[in-house]
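Student: I would like to learn how to read a few features of a protein model. Can we go through some together?

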Amino acid sequence: MSTSKPLENPLPTGWLIEPPMTLPQPANPLTPLQALLRSRRYLVSQSTFCATLLLVHVCASWVTEARHRRKLVVPDGEVSSVPRKEGRRTYLYILFTISVTLWILCVRIALKEMRLGIWQSMSYFEVVTSAMFYQFSLYISVRLAHRGFTFGELGLVAFGATVLFVELVNLTIAKLWPMSTPYIKTFRLPTPLLIFQIALIAGSLLTGFLLSPLLYLSRHIAQRPVRRLRYPQEKQKHRRLLALGFYVGAFLIVGGLIGLWTRWCLNKRNPWVFIVLWVLEGNNKWTRPALLIHWAALISMSVAGWTRQLSRSMRFRQWNGRGSVHISVVSETAGVPPYSPRYGASFGQPGYGSTAVQPQQQQPAQQNGTAAGGSPSLTPADLSDAGTPPTTLGEGTGPLGLRLPNLPDLPNGANLSNVATDLLDAADKHVPTLSVNARRKFFHALAVVMFVPGIAVDPAFTHLAFSAAFALFTFAEYVRYFALYPLGAAVHLFMNEFLDSKDGGTAILSHFYLLTGCANSVWFEGPSRLLLFTGTLVLGVGDALASIVGKRLGRHRWFAANPKTIEGSAAFVVSVSLCAWLLRMFGMVEEFSIGRYVVVGCLAAGLEAFSVQNDNLTLPLYMWAMLVLGDVVA
């Protein structure tokens, strides 16, 4: 392969990356822009093709359910149409997948004989591989993320995986047979950004698939009670060995199979050296390292801060009583809360409010076991610093004689060094009062602070950073879902504090949706700089403010059964439009019609108000598509 000439480079302005690759075609060569246009026409056929497969599965499900509905006796928690044995379920699905693939291949042949243009841009090989992989994605998504998808989300996720798979196959075919391949059929420009995205995202998913036996055994052992294991005394040893096997296997797959494929696509250039040198090729040599430091600092402070606060919130619980705030240690037994080693006796205990230091109560020992989802059970003492010296609880009196009734006693004199610790403990009291919605919206705001500078300064580098973040999220979910030693329990406890009603499945997907929603606007590589900010503005600003305003100030619901309010939808439109206008005022985006943008914002607000899908996944896609459509119509 070779790269196109600089004058033929169709990359958007400001994208600092190599020009896209082209094939050495001596007769009628296609420019990268012409190849991209044909590929995206093929993408339309691919989308209707996958939609047809999904409808076939839905219709087959309806027929099967109707046929098995006659059975009156069904065990609780089971469906009569679904076999109880895992092997039989898998066998029947494989048989059904092959049958549907053969059927749709016959439809493709019939359409060609009828001289209809439907799906004619797809070869027979592409029909078979796309059909098989799309149905495989449906099965894997349903099995691993049981009850974690709505119907629309399942279709979008499976289609996105199929698109990435088709790009992987077509890029590999173009490298294997460059002379016989008419053009590189990828839906984005075939630059190193696309190569690294496939290596990171598809590679992380491939790693989990290849190492799935180790992952399954790790989850199985972690969930199973000790008394039901054949060798209960070897449980921790087996978990450590399985985790070690996964980490070593992942290292070999990433450094071997995926690394060699990336090196091959980069014309035998070392991908690791390529990335290191590319980091220093920004607008200035310090631009990209500065972005890395900015992202790393924000992530470290956020994770460290929330880890500390959430670990304290598992030990302490707050309730208000006549202007005073009292703290109690979480106990599994009912009755009077136990003695707190830091704050003294709790409300309702003898000695509450006195200045005498009470002896620390002994916590009952907890049996060895695991929590739901394969996460080890932790006592509150495991999450707190037991070595901190106790302080008394009364009316706080500081060194200057100030009376602070809502704070523990502030040390004075020789104990002045403990002031910072007690002030931090006092701040910890307010964290448990934050609702789950407020905790989740914090990360929406964090997305704005993290992603807007990167998109504005270096969108190409942000493109790669999004792909790397998705791969890290995937490996983190492997660790959590399959309870990999030693971080599985810690990751599960951290993520569990941010779950809401939409995270009802076994897999936690909200953070994937948030990242993908912000990243899609950059991954699509649109020609407009305004389009690059769409996902971040919609989720980080619009969706967050719509939720806050709707819950605090909302008075008028769209209809009785809908929790969304008109005030929240108005906040969405105003905030997103205002931020887009500010970006134009600061010269970060080009001139655009603010009226047309407001109209599109109103349409997106309507989708946000009436859709039951996950906003993080569907809302940025919809608004991006409507903005592009508006530009085309105008």
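Student: Where does Pro486 lie?

Tutor: First, keep in mind that this model is predicted. Pro486 lies in the loop between α12 (459–481) and α13 (488–496). The peptide bond that joins Tyr485 to Pro486 is cis, with omega at about 0°.

Student: Which residue other than glycine has a positive phi, near 60°?

Tutor: That is Arg115. Arg115 is found in a loop too, the one between α2 (86–113) and α3 (124–144).

Student: What describes two packed helices?

Tutor: The angle between their axes and the distance between the axes. Take helix α16 (residues 534–552) and helix α17 (residues 566–585): their axes come within 8 Å and cross at roughly 145°. The crossing of α16 past α17 is right-handed.

Student: Which residues make the contact?

Tutor: On α16 they include Leu537, Val541, Leu545 and Val549. On α17 they include Ala571, Phe572, Val576 and Leu583.

Student: How do the residues of that contact divide into nonpolar, polar and charged?

Tutor: The contact of α16 with α17 has 12 nonpolar, 4 polar and 2 charged residues. Asp543 of α16 and Glu567 of α17 are among the residues in contact.

Student: Which residues make the nonpolar surface patch?

Tutor: Leu578, Trp581, Leu582, Met585, Phe586 and Ile594 make the patch, which covers about 590 Å².

Student: Which helix gives the most to the nonpolar patch?

Tutor: Helix α17 does, with 4 residues. Met585, one of the patch residues, lies in α17. So much for the tour.

Key:
Residues are numbered from 1 along each chain as its sequence is written. This is a predicted model: local features need pLDDT of at least 70, side-chain atom pairs count only at pLDDT 80 or more; totals for chains, interfaces and linings use all residues. Side-chain values use heavy atoms; hydrogens and water are left out. Axes are lines fitted to C-alpha atoms, for helices over the stretch in contact, and angles run from 0 to 180 degrees between N-to-C directions. Helices (H or I, at least four residues) and strands (E, at least two) are DSSP runs, numbered from the N terminus. A crossing is left-handed if the near helix is turned anticlockwise from the far one by less than a right angle, and right-handed if clockwise. Contact means heavy atoms within 4.5 Å. Ala, Val, Leu, Ile, Met, Phe, Trp, Tyr, Cys and Pro count as nonpolar, Asp, Glu, Lys and Arg as charged, and the others, Gly among them, as polar. Patches are made of residues with over 30% relative accessible area and no salt bridge: like charges are joined within 9 Å, nonpolar side chains (Val, Leu, Ile, Met, Phe, Trp, Tyr) within 5 Å. Accessible areas come from the Shrake-Rupley method with a 1.4 Å probe; for residues, only the protein chains shown count as cover. A salt bridge is a side-chain nitrogen of Lys or Arg within 4 Å of a carboxyl oxygen of Asp or Glu.
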